[in-house]
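Colleague: I'm new to this one and would like to learn how to read it. Could you walk me through it?

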Amino acid sequence: MSLVVLKLGGSVVTDKDEAETVDEAGLGAAVDAVAALAETGQVVVVHGGGSFGHHHAADHGVSSETGTYDVVGIREINDAMKRLNDAVLDALAERGVAGLPVHPLSAGAREEDGSLSLPLAATETMLEEGFVPILHGDVIAHAGKGATIVSGDDLVVSLAAGLDADRVGLCSTVPGVLDTDGDVIPEITAFEDAADALGGSESTDVTGGMAAKVQKLLALGAPAHIFGPEGLSAFVAGESPGTVIRGE
């Protein structure tokens, strides 16, 4: 049975201009896509923080690099992400999708060098029993730094590699990886294919950003598609919307 890992960007499912506000239309289209994928195979969903987690992370000065030992702040970020996760789960339940939450704060950790350790036993068993695991960007324990932010993109990479995914989809508000003219690059098989537009390989060390995302996705053994909300139905249909990244 095929396995798809689908990332729903926070900007797709929330209104980023209003604190803790779900974009009902965006979420509705996203869960329709998840429901369609679940009918044909196994699917794991990761959603971003949008106006939920990012708002609280900024308030407490926490990022993927800057940690905190403030338990109140850690809980506020995690609680906000759980509220968004609940909204996603509720929307999926309305469409008959058996989604279950996997909260990264309780499931994984970062090593001192920042590498992510994400045990997958719970996620694997959920899949085997016919459930759809729903993960999210979160605050996470980080050796030597207290707790930092783990992005949905990092989770996608760990999940896709650890679960041997057949396809990976990353849906955000951008239609794909853009070249220097602003046009979508249809396929990337090496970083050099997009280095000019992404600012060169030195940019891959910057937290977040398209350069780091492309570099990580090139290391996967499965094709990864970066596309906008308008590409969701095409991705579900097995097509290649936006940019497909195929590492060699």
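Modeller: Let's start with a term: a residue is buried when its relative accessible area is under 20%, exposed when over 50%, and partly exposed in between (1.4 Å probe, protein chains only). Helices (H or I, at least four residues) and strands (E, at least two) are DSSP runs, numbered from the N terminus. Now the case here: in strand E6, Val132, Ile134 and His136 on one side and Pro133 and Leu135 on the other are all buried, which leaves both faces covered.

Colleague: Before we go on, what kind of model is this?

Modeller: This is a predicted model, where local features need pLDDT of at least 70 and side-chain atom pairs count only at pLDDT 80 or more, while totals for chains, interfaces and linings use all residues. Residues are numbered from 1 along each chain as its sequence is written, and side-chain values use heavy atoms, with hydrogens and water left out.

Colleague: Back to E6, then. How many of the residues of E6 are buried?

Modeller: Five of the five residues of E6 (residues 132-136) are buried, so the strand is largely enclosed by the rest of the structure.

Colleague: And which strands does E6 pair with?

Modeller: The general idea is that two strands pair if DSSP finds at least two bridges between them. Here, strand E2 (residues 42-47) runs parallel to E6, joined by three bridges; Val45 has Ile134 as its bridge partner in E6. Strand E3 (residues 99-101) is also parallel to E6, again with three bridges, and Leu100 sits opposite Pro133.

Colleague: Now helices. How do H2 and H4 cross?

Modeller: Axes are lines fitted to C-alpha atoms, for helices over the stretch in contact, and angles run from 0 to 180 degrees between N-to-C directions. Under 35 degrees counts as roughly parallel, over 145 as roughly antiparallel, 65 to 115 as roughly perpendicular, and the rest as oblique. The axes of H2 (residues 24-40) and H4 (residues 71-94) come within 9 Å and cross at roughly 60°, so H2 and H4 are oblique to each other.

Colleague: Which residues make that contact?

Modeller: Contact means heavy atoms within 4.5 Å. H2 brings Leu27, Val31 and Val34, and H4 brings Ala87, Val88, Ala91 and Leu92. As for classes, Ala, Val, Leu, Ile, Met, Phe, Trp, Tyr, Cys and Pro count as nonpolar, Asp, Glu, Lys and Arg as charged, and the others, Gly among them, as polar. That gives the H2 contact with H4 seven nonpolar, no polar and no charged residues.

Colleague: What about Ala91: buried or exposed?

Modeller: Ala91 counts as buried, at 10% relative accessibility. Not counting residues up to four places away in sequence, Ala91 touches Leu27 and Val31.

Colleague: How does H3 sit against H4?

Modeller: The axes of H3 (residues 50-59) and H4 come within 8 Å and cross at roughly 170°, which makes H3 roughly antiparallel to H4. Phe52, Gly53, His56 and Ala57 of H3 meet Glu76, Ile77, Ala80, Met81, Arg83 and Leu84 of H4. By class, the residues of this contact are six nonpolar, two polar and two charged.

Colleague: One last stop: where is His142?

Modeller: His142 belongs to strand E7 (residues 138-142), and His142 is buried, with a relative accessible area of 4%. Leaving aside neighbours within four places in sequence, the contacts of His142 are Ser64, Arg110, Glu111, Glu112, Gly114, Ala147 and Thr148.
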